[in-house]
Amino acid sequence: MAKVGLLVRLEAKPGKEQAVADFLRGGLALVEQEPETTTWYGIQLGPSTFGIFDTFPDEAGRKAHLGGKVAEALFAHAPDLLAAEPTIEMVDILASKGV
């Protein structure tokens, strides 16, 4: 069961909304290679606001993900795609249904 997670908010630069959406869709292939990432969601919260919500069985899994390829790609592309630095919140999972 997932015990910890990440909630990441991303604000696209004007005109870069589709590129951020495409980046999130493409990120799925990278996280599928991470055995400790229990769930991963690329989400759109508004016209230019996007996010990532992912869960992990423990702190080691979360740390591995933060040092992984999706995080690396996100920070490499952030200056071109995002209006501000990503906001990363570490969360504890209190209850869940499913995976």
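Trainee: Which residues does Val-70 touch, not counting residues up to four places away in sequence?
Mentor: Contact means heavy atoms within 4.5 Å. Val-70 touches Phe-23, Gly-27, Leu-30, Val-31 and His-65, with residues up to four places away in sequence not counted. A word on the source: this is a predicted model, where local features need pLDDT of at least 70, side-chain atom pairs count only at pLDDT 80 or more, and totals for chains, interfaces and linings use all residues. Residues are numbered from 1 along each chain as its sequence is written, and side-chain values use heavy atoms, with hydrogens and water left out.

Trainee: Where is Val-70 placed, and is Val-70 buried or exposed?
Mentor: Helices (H or I, at least four residues) and strands (E, at least two) are DSSP runs, numbered from the N terminus. Val-70 sits in helix 3. Buried means under 20% relative accessible area, exposed over 50%, and partly exposed in between (1.4 Å probe, protein chains only). Val-70 counts as buried because its relative accessibility is 4%. Val-70 and Ala-29 are 41 residues apart in sequence, yet their C-alpha atoms are 9.3 Å apart in space.

Trainee: Which elements do the buried residues of helix 3 pack against?
Mentor: They pack against strand 1, helix 1 and helix 2 (59–66). Buried residues of helix 3 include Leu-74, Ala-78 and Leu-81. In helix 1, Val-20, Ala-21, Phe-23, Leu-24, Gly-27 and Val-31 are buried. Those residues pack against strands 1, 2 and 3 and helices 2 and 3.

Trainee: How many residues are in the largest nonpolar core?
Mentor: In soluble globular proteins, nonpolar side chains tend to be buried together. A nonpolar core is a set of buried Ala, Val, Leu, Ile, Met, Phe, Trp, Tyr and Cys residues joined through side-chain atoms within 4.5 Å. The largest one here has 20 residues; among those with the most contacts inside it are Val-20, Phe-50 and Leu-82. Strand 1 (4–11), helix 1, strand 3 (49–56) and helix 3 (69–81) each supply at least two residues of this core. Beyond four places in sequence, Val-20 is in contact with Ala-12, Phe-50, Leu-81 and Leu-82.

Trainee: How many aromatic pairs are there?
Mentor: Rings of Phe, Tyr and Trp (its six-membered ring) pair if their centres lie within 6.5 Å; planes under 30 degrees apart count as stacked, over 60 as edge-to-face, the rest as tilted. The count is one. Tyr-41 and Phe-53 are stacked, at 6.4 Å centre to centre and 25° between the planes. Tyr-41 lies in strand 2 and Phe-53 in strand 3, twelve residues apart, so the pair links distant parts of the chain. Tyr-41 is partly exposed at 44% relative accessible area, and Phe-53 is partly exposed at 29%.
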